[in-house]
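Please keep the sequence and the structure in view while reading.

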Amino acid sequence: AGNRAAGVIKQLKTTVPYVEGVVNHLPATGGTDAETKDSLLKRAPRMLRHGHRAVTLKDYEDIAGLASPEVARAKCIPLVNVMAETHGSVPAQDAGKQLISNGTVSLFVVPRSDDAKPSPSMELIARVYDFLGERQSQLVDLVVAGPEYLCINVTTDVALVSVDGAGDIKVAIAQTLARYLHPLTGGADGNGWDFGRYPHESNLYALIESVPEIGRASCRERV
């Protein structure tokens, strides 16, 4: 509730000399609800394992979540610098080799967000970087970045029970697919998608056919 939208905060809590009014031009972010019991039961054993020291890949992922409640998920990749630049003159088979960097770990951070592609702010990236920097070996080069999302194109042919409201049904299909493909709240169980996992056409069939007024559906998916 504290994440107020832009232009909502217009009242001064205390008077400030020569200041007549205020307004927030940017929305407030970073606020989250209190931790649930289920979250606590998952977090406590992990804290006993890593002891607030980032050694293993799982340690980096778990401690990133302690840096800020805004962190929803994290994925750590060893020996890779995802921020390294490759040049067009490099052959495709050698381009990936430039990313390999001994002593480097790359951490992908996904923030809590309803956006279709949740991306961390620079402030959140800096917070996670500083938090982990105090809890890892100084010999490790840490890279923190947002995830890279793949575009999922779904072409579907549907047979309607009735042609009435065909436009509304098209919107309903698009909204159903968007909810299902959301990185954090999508998927069959509503818990989002694991890093690197792809949806299957068979899942999309049942999903689209669950929309009211649709008799049959056929899908063609492309990543």
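A residue is called buried when its relative accessible area is under 20%, and exposed when that area is over 50%; values in between count as partly exposed. The model discussed here is predicted. The points below are grouped by topic.

**Helix 2 and aspartate 62**

- Helix 2 covers residues 57–67, and its buried residues are Asp59, Tyr60, Glu61, Asp62, Ile63, Ala64 and Ala67.
- Aspartate 62 lies in helix 2 and counts as buried because its relative accessible area is 11%, which falls under the 20% cut-off.
- Beyond its neighbours within four places in sequence, aspartate 62 is in contact with Arg46, Arg49 and His50.
- The side chains of aspartate 62 and arginine 49 are joined by a polar contact of 2.4 Å.

**Positive phi angles**

- Most residues other than glycine have a negative phi.
- Tyrosine 18, which is not a glycine, has a positive phi of about 70°.
- Tyrosine 18 belongs to the segment before helix 1 and is exposed, because its relative accessibility is 88%.
- Leucine 79 also has a positive phi, near 60°.
- Leucine 79 is in strand 1 and is partly exposed, because its relative accessibility is 45%.

**Proline 212**

- Proline 212 sits in the loop between helix 6 (201–209) and strand 5 (214–222).
- Proline 212 is exposed, because its relative accessibility is 60%.
- Proline 212 and isoleucine 169 are 43 residues apart along the chain, and their C-alpha atoms are separated by 7.9 Å.

How values were computed. Residues numbered from 1 in each chain as written. Predicted model: local features only at pLDDT ≥ 70, side-chain atom pairs only at ≥ 80, totals over all residues. Heavy atoms only, no water. Buried < 20%, exposed > 50% of the residue type's maximum accessible area, 1.4 Å probe, protein only. Helix = DSSP H or I, 4+ residues; strand = E, 2+ residues; numbered from the N terminus. Polar contact = N/O pair within 3.5 Å; in protein donor to acceptor, adjacent residues only side chain to side chain. Contact = heavy atoms within 4.5 Å.
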